[in-house]
Each structure stands twice: as C-alpha cells, then as structure tokens.
Amino acid sequence: MKMEKSNANPSIECTVTECEYHCQDQQYCSLDSIRVGTHEQNPTQKSCTDCESFELKKSY
C-alpha cells in the first residue's frame with residue numbers, strides 16, 4: 001500500500017533518491033511496507049539482495 005511521498009515511514013530508512021517512493025526531504029521510504037528479495041540462488045552477501053518495491057522516479 002502506498003503512502004503520500006511526503007509521509008515518511010520511520011520504520012523504513014532509505015537513501016535511494018532515484019526511487020519513486022523516497023521521501024526527498026528525509027532519508028525514508030513513503031511506502032507502508034517493502035518487499036526484499038534476491039537475484040541469487042544462494043545469497044551470501046548484502047549485495048545479493050534487492051528492494052523489489054523499487055520503482056524509478058518518474059521525470060516530470
């Protein structure tokens with residue numbers, strides 16, 4: 001479920017400013033929840049995980 005982008009979710013810290021759901025004035029996500037997944041069969045490092053809720057910010 002999506003929140004307003006101006007409403008930071010303090011439970012989800014985020015520094016990915018290119019994401020549609022990033023709160024531009026704060027380092028938080030505006031979604032109620034996110035989905036974390038992996039692109040590896042046997043993930044062993046942080047770099048093996050992905051925020052599957054990521055959407056590239058729309059340019060206006």
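This report describes the fold, core, surface and selected contacts of a predicted model.

**Overall layout**

The chain contains four strands and zero helices. Along the sequence, the order of elements reads β-β-β-β. Of its 60 residues, 23% count as buried. The chain exposes about 4800 Å², and carbon and sulfur atoms supply 49% of that area. Taking contacts between residues at least 6 apart in sequence, 30% join residues at least 24 apart.

Six residues make up the largest nonpolar core: Ile12, Cys14, Cys19, Tyr21, Cys29 and Leu31. One of these, Cys14, touches His22, Gln27, Tyr28 and Cys29 when residues up to four places away in sequence are not counted.

Asn9 belongs to strand 1, which covers residues 9-13. Asn9 has a relative accessible area of 10% and is therefore buried, the cut-off being under 20%. The side chain of Asn9 reaches the backbone oxygen of Leu31 at 2.9 Å.

Asp25 sits in the loop between strand 1 and strand 2, the latter spanning 28-29. With a relative accessible area of 62%, Asp25 is exposed. The C-alpha atoms of Asp25 and Ala8 are separated by 9.0 Å, and the two residues are 17 residues apart along the chain.

**Arg35 and the segment after strand 4**

A search of the whole structure finds one salt bridge. In a salt bridge, the side chains of Arg35 and Glu52 meet at 3.4 Å, N to O. Arg35 lies in the loop between strand 2 and strand 3 (36-38), whereas Glu52 lies in the segment after strand 4, so the pair ties together parts that are 17 residues apart in sequence. Side chains of opposite charge can pair when their charged atoms come close. Arg35 is exposed at 57% relative accessible area, while Glu52 counts as partly exposed at 45% relative accessibility.

Ser53 is also placed in the segment after strand 4. Ser53 is buried, because its relative accessible area of 17% falls under the 20% cut-off. A polar atom of the Ser53 side chain lies 2.8 Å from the backbone nitrogen of Arg35. Leaving aside neighbours within four places in sequence, Ser53 is in contact with Tyr21, Leu31, Ser33, Ile34 and Arg35.

**Surface patch**

Val16, Phe54 and Leu56 form a nonpolar patch on the surface. Together these residues have about 270 Å² of accessible area. Leu56 is placed in the segment after strand 4 (49-51). At 60% relative accessibility, Leu56 counts as exposed.

**Accessibility of the residues discussed**

| Residue | Relative accessible area | Class |
|---|---|---|
| Asp25 | 62% | exposed |
| Arg35 | 57% | exposed |
| Glu52 | 45% | partly exposed |
| Ser53 | 17% | buried |
| Leu56 | 60% | exposed |

Technical notes
Residues numbered from 1 in each chain as written. Predicted model: local features only at pLDDT ≥ 70, side-chain atom pairs only at ≥ 80, totals over all residues. Heavy atoms only, no water. Helix = DSSP H or I, 4+ residues; strand = E, 2+ residues; numbered from the N terminus. Buried < 20%, exposed > 50% of the residue type's maximum accessible area, 1.4 Å probe, protein only. Polar contact = N/O pair within 3.5 Å; in protein donor to acceptor, adjacent residues only side chain to side chain. Patch = residues over 30% accessible without salt bridge, like charges linked within 9 Å, V, L, I, M, F, W, Y side chains within 5 Å. Areas by Shrake-Rupley, 256 points an atom, 1.4 Å probe, with all protein chains shown as cover. Salt bridge = Lys/Arg side-chain N within 4 Å of Asp/Glu carboxyl O. Core = buried A, V, L, I, M, F, W, Y, C linked by side-chain atoms within 4.5 Å. Contact = heavy atoms within 4.5 Å.
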